[in-house]
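Okay, thanks for coming, everyone. Let me put the structure up on the screen, and then I'll walk you through how it's put together.

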Amino acid sequence: MCLGVPGKVVSVEPDPLGMHMGKVSFGGITKEVCLAYTPEAEVGDYVVVHVGFSISVIDEEQAHEVFRYLKEMGELAELEVPQPGDASSDPQAGAA
């Protein structure tokens, strides 16, 4: 199943090749996303992201509703993958 997941834009910046990129937060997990298809997206906006590309800008209410549905369906497992720099992803964390 192909899903678009809503997230909040937390930063916008061009990459060295001139692509419109940004960081998007998905319920506290932040990922780098290509914003080329939504150049109007600004910090604080909500976007729908599919395979690393934002494909539309939506309002906050819609974003929360979709996120809630996806969570209820158990479709957010990909976002629960430990992120680099996250203490829970460090195999040495908590080791005695």
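So, of the 96 residues in this protein, 26% count as buried, where buried means under 20% relative accessible area, exposed means over 50%, and partly exposed is in between, using a 1.4 Å probe and protein chains only. Before I go on: this is a predicted model, so local features need pLDDT of at least 70 and side-chain atom pairs count only at pLDDT 80 or more, while totals for chains, interfaces and linings use all residues. Residues are numbered from 1 along each chain as its sequence is written, and side-chain values use heavy atoms, with hydrogens and water left out.

What's in the fold? We've got 1 helix and 5 strands, and along the sequence they come as β-β-β-β-β-α. Those are DSSP runs numbered from the N terminus: H or I with at least four residues for helices, E with at least two for strands.

Let's start with strand β1, residues 5-14. β1 runs antiparallel to β2, with 6 bridges joining them; we say two strands pair if DSSP finds at least two bridges between them. Look at Lys8, whose bridge partner in β2 is Ser25. The β1–β2 hairpin has 5 residues between the strands, and Gly18 there takes a positive phi near 90 degrees.

Now follow Ser25 across to the next strand: in β3, its bridge partner is Thr30. β2 and β3, residues 29-34, pair in the antiparallel sense over 6 bridges. Their hairpin has 2 residues between the strands, and Gly27 in the turn has a positive phi of about 60 degrees. How enclosed is β2, residues 20-26? Well, 5 of its 7 residues are buried, so β2 is largely enclosed by the rest of the structure.

Back to β1, which also runs antiparallel to β4, this time through 4 bridges. Over there, Pro6 has Val48 as its bridge partner.

β4 then pairs with β5, residues 53-58, antiparallel over 5 bridges, and Val47 stands opposite Val57 in β5. These two strands make a hairpin with 2 residues between them, and Val51 in the turn has a positive phi of about 45 degrees.

Last bit, on contacts, meaning heavy atoms within 4.5 Å. Among contacts between residues at least 6 apart in sequence, 36% join residues at least 24 apart.
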